[in-house]
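Morning, everyone. Please have a look at it first.

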Amino acid sequence: MEKLKYIFDNAKVGIAICNAVDNRLEMVNPAFAHIHGYEPHELIGVSPGEVFAPECMLRLEEHESVPSCAINDVTFETTHYKKDGAPVAVSVHITVLKDETGTVKQRIANIQDISDRKKAESELTVTNERYTQIFDNSIDPIYLLEVTPDKRFIHLEINPAYLNVSGMDKEMIVGRYVDELEDRTIRETLMKKFQACLDAGSKIDYISEFDLPTGHKIFHSALTPMRDEKGRIDRIIGIARDITERRLIEKQIEFMAHHDALTGLPNRTFANAKMEKAISYAKETDTKAALLFIDLDGFKTINDSMGHTTGDAVLKLVASRLKKTIRASDTISRQGGDEFLLILSDIEEITDVITIAEKLLHEFEQSFSVEDQLLSLSASIGISIYPEQGETFEALLQNADTAMYKAKESGKNTYRFFTRQMNHNIIGQFKIQNDLKTALQNNEFVLFYQPQIELSSNTITGSEALIRWKHPQLGMIPPMNFIPIAESSGLIVQIGQWVIEEACRQASIWHKNGIKITVAVNISAVQFKRGDLESIVNNALQVSGLNPKCLELELTESTMMHNVESTLQTVQALKALGVQLSIDDFGTGYSSLAYLKRFDVDKLKIDQSFLRDLLRDREDATIVKTIIQMAKNLNLKTIAEGVEDAHVLAAVNAYGCDEVQGYHFAKPMEAHDFEKYHDNFYNATML
């Protein structure tokens, strides 16, 4: 009896016993009272109608009216109300005990709170509706498969997105076995993946590609198995996402990451990977690999004078020709600008590399046609060989770059192999470049002056200021050894400013001391374009107090012809200051009469290359005569540089040249030596 009481008191199901004599509750357990929001003692003696729903009483009457000497059970679900009036969903099971005459003696009610289940069922109904909406309106193809006992797959349902993406009719798919689909590729791919999901017994993801009526499609699919009450997989639901466009974009991004946008050639990153593969192959096969650094000669002139659009068109044509020239196993890439790399693998003989290099140069013999214009280009090629001249891409690239510059120095339109001596020279250049950065601060530069003689009066009318570098360790360094480095590094702007200021300062001192001459200063093309030249010249004149007419600026023809309109503005501003303008190295560039007039030039400086063979080369003599005569017709002065002997002096004098300078008179000298030369020159003349 105690055991039954323990079960009654601790049961999780609500239990109530009703005495049929007076129809009152005579016993309730704690669970019953809790379900209805009461304490157990509050329900003792209460009529069942006050607790049970009216539906319960009607059901009881129906069942109790059935004659029986046995037990009548009734089970149903309904809603009861708690003490505070709150509804509670319950499952009711009532057992009616009768005697042998069919008279009801006692009623036992089992009550279970099913609120959570009802809530879940309600949510499930809503969820199922949402699932239906998702299924019908999803932009992703969704399909449901039935897995037959013999492990075949039948399409039970597909959503509208499936039809839209596939371009197939629903009748072609739904209700059909997958292994009966007409397209073999689709059939075999799907069967393989569905079987994999079945074997795994869990969700799987995969990427697949199909040629569908709507085009070539790429899908990212997820298959999820569903099990029946016995645990057997009887359904598979599949969701596919069309990632065709995404994959296309990814491929484009990947291509762009490894290729040059303009030419479509592989870029340096790609070339690096290819070079490493070529090196690995060379190691395995005991062969060689080569890296060719190709730089276009004359491209900058085309790009600057004709514009970037034309320059880009030329680069595309160059890339096209290079691609046609190389072997299938080789890789051509664009390094940047007008620089290209060629990677050669499986090289057994160096002669093979030479053959390819000469073939590349040959491709540039034919002009490039751009917008009905024929443009001429050549190339300088530097070559490094694995393993002798580098065992990594970076080492080979650096050495090929060095060899390319050697090819440039050798006259361009040629190739050079890397040598250790080149590397030694490069190291020296790096030292010069580093030391240049502090040379101005340390006052290591000095100006030398070479006198300029007016032939008609036999007087010193000017001097050309020429920079020299007194290096503390290397001694006197000539301009040809550091000016190109200063230009490439941009330091020439600061150095050029110092030259102008120092030349004006020295000329002003000479004027005060009675040496009334003009000082000529060479202006670098880099300085002209980047150095705010007008402001620098004006400031130098103001500080020194030099008469502007006594300062002559020498510009090369190529500098004058770069971006003509912009150059003209700068030249006009300089001329407005009152300075003189001369064209250095005249005859070696464009030699255009039109720009001489537009730029208001004062003097032409005949390049010394024409004077070296003046007495032996008739063409050089003709050129010098022509320049002098043309200058006279334009009211311009001429000065011949590089006059080294009396015979050349006599010749240019006979041609009518106005001024000369050269070793025949004096080498460039420091300021104090120039002063002595000046005095001695006139003393000798007077004697």
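Arg 616 is exposed, with a relative accessible area of 65%; exposed means over 50%, buried under 20%, and partly exposed in between, with a 1.4 Å probe and protein chains only. Before I go on: this is a predicted model, where local features need pLDDT of at least 70, side-chain atom pairs count only at pLDDT 80 or more, and totals for chains, interfaces and linings use all residues. Residues are numbered from 1 along each chain as its sequence is written, and side-chain values use heavy atoms, with hydrogens and water left out.

Arg 616 meets Asp 613 in a salt bridge, 2.5 Å from N to O. A salt bridge here is a side-chain nitrogen of Lys or Arg within 4 Å of a carboxyl oxygen of Asp or Glu. Asp 613 is partly exposed, at 31% relative accessibility. Salt bridges with shared partners also join Glu 464, Glu 554, Lys 605 and Glu 641 into one network. The count comes to 25 salt bridges.

Lys 603 forms a salt bridge with Glu 552, the closest N and O atoms being 3.0 Å apart. Lys 603 sits in strand β24 and Glu 552 in strand β22, 51 residues apart. Strands are DSSP runs of E, at least two residues, and helices runs of H or I, at least four, numbered from the N terminus. Lys 603 is buried at 5%, and Glu 552 is buried at 3%.

Asp 600 and Lys 575 form another salt bridge, 4.0 Å from N to O. Asp 600 is in the loop between α21 and β24 and Lys 575 is in helix α20, so the pair ties together parts 25 residues apart in sequence. Asp 600 is partly exposed, at 46%.

On to the sheet. Which strands make it up, and in what order? It is an open sheet of 5 strands, ordered β12-β13-β11-β16-β17, with mixed pairing; two strands pair if DSSP finds at least two bridges between them. β12 and β17 stand at the edges with a single partner strand each, so one side of each has no neighbour in the sheet. Strands β11 and β13 run antiparallel, joined by 7 bridges, and Asp 295 stands opposite Glu 339 in β13.

Last, strand β5 holds Arg 107, which is buried at 16%.
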